[in-house]
Amino acid sequence: MNKMSIRKDDLVVVLSGKDKGKQGKVLEVMPKDGKVIVEKVNVVSRHTKPRKQGDQGGILQKEAPIYACKVQRVCPKCNKPTRAAHKLLADGKKVRVCKKCGAEI
Ligand SMILES: [Zn+2]
């Protein structure tokens with residue numbers, strides 16, 4: 001299994017499926033399943049039943065998890081899909097940088 005390179009709050013673009021091309025923020029990462037939940041991507045409608053009399057019930061819209069391999073990170077600086085490179089700073093700290101523009105992401 002691939003190591004998850006996507007973290008919460010990352011900006012990603014969807015590579016395939018019905019939401020192809022959509023961008024969104026990662027809301028949740030599920031490393032065990034290799035899945036992520038992305039804001040406004042793979043939204044499913046769930047019908048809720050009325051719990052008590054007089055309650056209307058309704059439709060709840062919620063993001064469902066998608067496979068992490070179907071999304072790619074987007075650099076917030078140059079706004080291009082990119083892979084993160086790891087850069088070791090002089091003080092020994094490791095940071096992730098955009099391979100395209102070199103910005104810290
Ligand atoms: Zn960049």
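## Starting at the surface: Lys8

Lys8 is exposed, with a relative accessible area of 54%. That label has set limits: buried means under 20% relative accessible area, exposed means over 50%, and partly exposed is anything in between (1.4 Å probe, protein chains only). Keep in mind that this is a predicted model, where local features need pLDDT of at least 70, side-chain atom pairs count only at pLDDT 80 or more, and totals for chains, interfaces and linings use all residues. Residues are numbered from 1 along each chain as its sequence is written, and side-chain values use heavy atoms, with hydrogens and water left out.

Strands here are DSSP runs of E with at least two residues, while helices are runs of H or I with at least four, and both are numbered from the N terminus. Lys8 touches Val26, Leu27 and Val29, if you skip residues up to four places away in sequence; contact means heavy atoms within 4.5 Å. Take Leu27: it is 19 residues away from Lys8 along the chain, yet 5.8 Å separates their C-alpha atoms.

Is Asp10 buried or exposed? Its relative accessible area is 6%, so Asp10 is buried. Arg73, in strand β7 (residues 71-73), is buried too, with a relative accessible area of 6%.

The side chains of these two residues, Arg73 and Asp10, are joined by a polar contact of 3.1 Å. A polar contact is a pair of N or O atoms within 3.5 Å; within protein, one must be able to donate a hydrogen and the other to accept it, and residues adjacent in sequence count only if both atoms are side-chain atoms. Beyond its neighbours within four places in sequence, Asp10 has contacts that include Ser5, Gly24 and Arg96.

## The five-stranded sheet

What order do the strands of the open sheet follow? Five strands line up as β6-β3-β2-β1-β7, with antiparallel pairing. The edges are β6 (66-67) and β7, each of which pairs on one side only. Two strands count as paired if DSSP finds at least two bridges between them. As background, strands of a sheet pair through backbone hydrogen bonds, either parallel or antiparallel.

Now follow β1. Three bridges join β1 to β7, and Val12 stands opposite Arg73 in β7. Three bridges also join β1 to β2 (residues 23-30), again running antiparallel, and there Val12 stands opposite Gly24.

## The nonpolar core

Ten residues make up the largest nonpolar core: Ile6, Val12, Val14, Val26, Val36, Val38, Val41, Ile66, Ala68 and Val71. Such a core is a set of buried Ala, Val, Leu, Ile, Met, Phe, Trp, Tyr and Cys residues joined through side-chain atoms within 4.5 Å. Both β1 and β3 (35-38) supply at least two residues of this core each.

Val38 is a handy one to click on. Leaving aside neighbours within four places in sequence, Val38 is in contact with residues including Val12, Val26, Ile66 and Val71.

## The zinc site

Which residues coordinate the zinc ion? Cys75, Cys78, Cys98 and Cys101 do, each through its SG atom, at 2.2 to 2.3 Å. Donors are N, O and S atoms within 2.8 Å of the metal (3.2 Å for Na, K and Ca); water is not among the atoms, so sites may look incomplete. The angles between the four donor atoms run from 103 to 114°, which makes the arrangement tetrahedral. For reference, the ideal angle for four tetrahedral donors is 109.5 degrees.

Along the chain, the donors follow the spacing C-x2-C-x19-C-x2-C. Cys75, in the loop between β7 and β8 (84-88), and Cys101, in the segment after β9 (94-98), are 26 residues apart and link distant parts of the chain. Cys75 is buried, at 0% relative accessibility, whereas Cys101 is partly exposed, at 40%.

## The β8 and β9 hairpin

β8 and β9 pair in the antiparallel sense over five bridges, with Lys87 standing opposite Val95 in β9. Five residues lie between the two strands of this hairpin, and Gly92 takes a positive phi near 90° there. Four of the five residues of β9 are buried, so β9 is largely enclosed by the rest of the structure.

Terms used
Four donors count as tetrahedral if all angles lie between 85 and 135 degrees; four count as square planar and six as octahedral if opposite donors are over 155 degrees apart and all others between 65 and 115; anything else is irregular.
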